[in-house]
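Here's a quick briefing on a protein model. Take a look at the sequence and the structure first, then read on.

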Amino acid sequence: MACVRCSLRIFKVNNFLVARSIAMSAQRRAEEKLEKLKDKNPYYEKYAQKLANLQQTSPEEFLERVGKVVEPIKGGKSQTRTYEELLNPKKPRELQPEAEIPYKKLTDIMKLELIQDKNADEISKIWFEYHKTKNVLAATLSVGQYESLMERAKLFPVFLLPLPRSEGFEFIMLQFAANAVHLTPLLVYQVHAENAPECLTLVHYTEMKDKGIILMRGEYDSKVLSGQEAQCLANELQMFYCKNDENKLKLLETFTKRPQEFKHMDLIKEVENIQLV
């Protein structure tokens, strides 16, 4: 399922963009890929000059080509990331003020009469049954969990989540907007900024709040994420934004208020024991 296409807006924190401290140019990434090829690819010497020329003249194209060959095969399936999405940004559009970001409604995806007269337990069962055959994530939150999530989201609207990959971790940038959370690979954001396409969008529907339940639905781009990887990101989001954990709160505060002190390895240590389930 293609992911929902909404502009990913990056808020300013202390008068500069959070993303500034973690930006890496395509040229730098290309150089790193070239170094990796020297060690891993037995045909490197044969094509060394052509690769070097491409790396210098068109680093984006170099990354796209190298991405097809450097990732190993795991579990019988290729873990290759071609990064074709880097070449296809969303159509640019003028950014809207936060107050004008549309609030996603439950009526857009299902008929409210299916659950209007049900209690929280019945609504939960219907919600999961409704999504059982759909290629999306589905979950429910208590009102308390949702309020904790949104309270923390106001303080830390932008953050990074490390996604386990076959070779280490890939960083995914998230941003809260209205009742949705938009996520995109950091690499894609570095190329396309606010026009970067989302790989996952998590929407929290509050229409049944008076019954004590919040409904969550996550749509992901299957060309970028597997269902397990999308679930892993949703779990990590809950860990950082719904749990009262001093270490995780400290990472959120450092990333937002003191980005120059933020260390990616500290973030990885917090989630490195998470297994895709």
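Helices (H or I, at least four residues) and strands (E, at least two) are DSSP runs, numbered from the N terminus. This is a predicted model, where local features need pLDDT of at least 70 and side-chain atom pairs count only at pLDDT 80 or more, while totals for chains, interfaces and linings use all residues. Residues are numbered from 1 along each chain as its sequence is written, and side-chain values use heavy atoms, with hydrogens and water left out.

**The loop with Asp221**
- Asp221 sits in the loop between strand S10 (214–220) and H7.
- Asp221 has a relative accessible area of 12%, so it counts as buried (under 20% relative accessible area, with a 1.4 Å probe and protein chains only; exposed is over 50%, partly exposed in between).
- A polar atom of the Asp221 side chain lies 2.9 Å from the backbone nitrogen of Lys223.

**The whole chain**
- The protein chain has nine helices and 10 strands.
- Of its 277 residues, 47% are buried.

Key:
A polar contact is a pair of N or O atoms within 3.5 Å; within protein, one must be able to donate a hydrogen and the other to accept it, and residues adjacent in sequence count only if both atoms are side-chain atoms.
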